[in-house]
Amino acid sequence: MPRARSLLAALCLAVARGFVDDVDSYDSDDPRHAHTSKAIAYDQQGQRDRSRIAFESAARFDPTTRSLVNLGVCYMRAASSSGHRPTKLDSYGRAYETMKRGSRIAASPDDRDLFKENWKALLRNFELESVPVPDDVETVGNFPDFRSDDSSNPFDAADQPRDHRQCGAPPPQRNEDPAAAARIKAAEAAKLRPFLLHQRDAPLADAIPRVNASDLEGFKQFLERRDPFILLGATGGWKAVAEAGGSDDAARRWLDAIARRWPRAVTDFYPYNMLSSSRQAPYLTRLARGVRELRLAPGPDQQARGSAFRHETGNGAMAGRYMHLQLSPAMWGELEDAGQLGKDRHWHLENDGWLEECLGHPGSDVSAEYHLKTHWKILLVGARGAGMFNHSDSLQTSSWHATVAGRKWWHLCGKLSTGNPACFEGIVEPGEILYYGRGWNHETQNVDDPTATLTDTAVHAQNYGAVADKLHSECGRKALDFKFSGALCDALDSCYTAMQRRFGGGGIPQMDRWPAWRTVAGKDLVATRDAASPLDNNYDGRNYITE
């Protein structure tokens, strides 16, 4: 963000020249202090909490477009770095309201340009992190116009919990953290993980525990799906592993066969990887096209050689094309019928019982809608270096990931069943299955070209309550903006009871916890959901698709 960066540079120069008082004498309640300068000085010292307080004071005592936008960016950075969904949504709400106030007093062209540049970054983050955009804004003359006169004040919650991840100076271009970039550069120099194409700043961690399926009964923390581990010996007889796992050429032949099976299927294709903090938007692409793209060597002349995408190296683009194919129940069933994955597989990998009970899985329209909109079952395919940035799953679910071709590096951090925090890392080989539970942050990167993984989502005794809470809040309040139809939300009302009966030991259904969604949602949301068909989705042709 050039203007935000130039403002930061000027203030940093002032700090360097001694124009800023000793930060220890700073009083956030004194209107005479240079609060923005203090905020940046604190950020340089790594004191993010104090930096946020100073940005808030700058906006409180001198509420200009510039001070409000700076504070909004500060909240936005706090939101994007948080792995706790409620904290993330709260910080994004603060960013939205603060920038909105800044837009209303923007008088000069520079103020308007500064706001628009940062507003675009905020909306991009909303899209990437599935944060619903309030419906009180429309674009007039290429500038947002807020219809409601909401006078909510982000400074009312003065007693909010202090979080060491909070805020800091306005971010540099592409919204990347300079400290993280420096750590990555140091990691590249040290080659901490020489097997990776892109070095990461994740701390070196203990090896992910590995357990054979025949020994699972002896490890309660894995048997009850509490802690992450790699499951061995559970993919015997899977044709996907036998056909694709032997070599890179075998993997490509297997992918060609998958493309011939569903040539018109639509994928989320990431031509510039998903590792960057600023370049994660997918291009809807036919499966056949995506498989061809993965075969093309990247380079400046790639379009001349048949690629549909430009070769880019800047603005967050990274080598490593990545493709996600959302698998409907019918497609998953085809793979089972063809023996590509075991129809009667290990019980740890069977997760559909509750879906059959309340969604009419696998044959109903609402089951298909649920799978596609929640990304419940996926085929993940990518080149060497392709991977996903560090994140946790928004639905608070658990997942298993079966590597069928190539090798994939995983880094996981979370809280063990003992209550102790821990991080693990390791490479998952073809035929091995990684499992992680609710709330575990994870980052991945493909080691081989290509690497392919089949993944399914798991609901069980350790997470069903949190999953039900998330689904219920989506239906009643659009918390995740999955755009569920009314028919699907009606069916999900019965799923919460089914989950409790299967995973919670029975008992009286907690209807006070999950009341019928139509009694919670507003009239407009009910009308919107009822107007939607379970067959409506992002892959149905309403959006541009790369052929």
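Thr235 is buried, with a relative accessible area of 10%; buried means under 20%, exposed over 50% and partly exposed in between, with a 1.4 Å probe and protein chains only.

Before I go on, the basis. This is a predicted model, in which local features need pLDDT of at least 70 and side-chain atom pairs count only at pLDDT 80 or more, while totals for chains, interfaces and linings use all residues. Residues are numbered from 1 along each chain as its sequence is written, and side-chain values use heavy atoms, with hydrogens and water left out.

Back to Thr235. It is placed in the loop between strand 5 (229-232) and helix 9 (239-244). Helices (H or I, at least four residues) and strands (E, at least two) are DSSP runs, numbered from the N terminus. What does Thr235 touch, not counting residues up to four places away in sequence? Val241, Gly431 and Ile433, where contact means heavy atoms within 4.5 Å.

In what order do the 4 strands of the open sheet stand? The order is 3-12-11-14, and the pairing is mixed. Strand 3 (206-207) and strand 14 are at the edges with a single partner strand each, so one side of each has no neighbour in the sheet. Two strands count as paired if DSSP finds at least two bridges between them.

I will take the pairs in turn. Strand 3 and strand 12 run parallel and are joined by 2 bridges; here Ala207 has Glu425 of strand 12 as its bridge partner. Strand 12 (residues 421-428) pairs with strand 11 (residues 408-415) in the antiparallel sense, over 8 bridges, and Lys415 is opposite Pro421. These two strands form a hairpin with 5 residues between them, and Gly419 in the turn has a positive phi of about 95°. On to strand 14 (residues 441-446), which is antiparallel to strand 11 over 6 bridges, with Asn446 opposite Lys408.

Last, the cores. A nonpolar core is a set of buried Ala, Val, Leu, Ile, Met, Phe, Trp, Tyr and Cys residues joined through side-chain atoms within 4.5 Å. The largest has 43 residues, of which Trp254, Trp262, Leu287 and Leu327 touch the most other members. Helix 10 (residues 248-261) gives the most to this core, with 5 residues. A second, separate core has 30 residues, including Leu355, Leu395, Tyr464 and Leu488.

To return to Leu287: leaving aside neighbours within four places in sequence, its contacts include Ile258, Trp262, Met323 and Leu325.
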